[in-house]
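Student: I am new to this structure. Please show it to me, and then we can go through some questions.

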Amino acid sequence: MNEKYISKKNHSLSAVFLFSLIIIFALFVFLVAMLGMRSYHKVVENADQSYQARSSILYVVNKLRSMDKEYTVAIEARDGIEVLVLKETIDNESYETLIYYEQGALREIFKKTDTDTDLSLGDEVVAVNDFTVKIIGDMVYFSITDLNGKSYETHVLMQSQQ
């Protein structure tokens with residue numbers, strides 16, 4: 001009788017030990033999955049922010065390059081806002097593209113030169129924290145600050161103005 005009792009007791013301890021190992025394994029799998037998910041979310045968030053910064057920079061660079069002919073590039077203050085003005089003539093009509101920062105976004109307006117426009121009506125290009133621009137000689141320097149406060153700077157040589 002003693003042998004039966006000891007055998008059942010050992011068998012019960014083996015089952016409890018095995019069950020404990022399975023629970024510990026499941027907890028580690030859950031922990032690793034949670035850490036992986038957190039890392040994945042950070043990677044996606046950083047990629048999205050990087051995309052916004054690159055998009056805003058490339059947008060301005062491509063606008064400047066597309067206007068780099070005989071067109072005029074200037075910086076003007078309109079309604080108290082610093083505006084990058086790209087002027088061009090289409091079918092003997094003067095037009096201008098205004099690129100500026102307002103209400104947490106890089107914005108654009110394309111309009112006839114002689115029309116008044118409310119800058120708050122500009123099309124949002126991308127959400128940013130800041131946009132600054134300056135022209136020195138034939139170079140247009142600008143910086144864009146993304147939503148995390150990271151600043152990106154670049155410049156474009158306006159070859160047609162040389």
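Student: Is Ser56 buried or exposed?

Tutor: The model is predicted: local features need pLDDT of at least 70, side-chain atom pairs count only at pLDDT 80 or more, and totals for chains, interfaces and linings use all residues. Residues are numbered from 1 along each chain as its sequence is written, and side-chain values use heavy atoms, with hydrogens and water left out. Buried means under 20% relative accessible area, exposed over 50%, and partly exposed in between (1.4 Å probe, protein chains only). Ser56 has a relative accessible area of 0%, so Ser56 is buried.

Student: In which helix is the place of Ser56?

Tutor: Helices (H or I, at least four residues) and strands (E, at least two) are DSSP runs, numbered from the N terminus. Residues 2–66 form the helix that holds Ser56, namely H1.

Student: With which residues is Ser56 in contact, leaving aside its neighbours within four places in sequence?

Tutor: Contact means heavy atoms within 4.5 Å. With those neighbours set aside, the contacts of Ser56 are Leu106, Val126, Val128 and Ile144.

Student: What does the secondary structure of the chain come to?

Tutor: Along the sequence, the pattern reads α-β-β-β-β-β-β-β-β. The chain therefore comes to 1 helix and 8 strands.

Student: Where is the place of Asp118, and why does Asp118 count as partly exposed?

Tutor: Asp118 is in the loop between strand S4 (105–112) and strand S5 (123–127). Asp118 counts as partly exposed because its relative accessibility is 42%.
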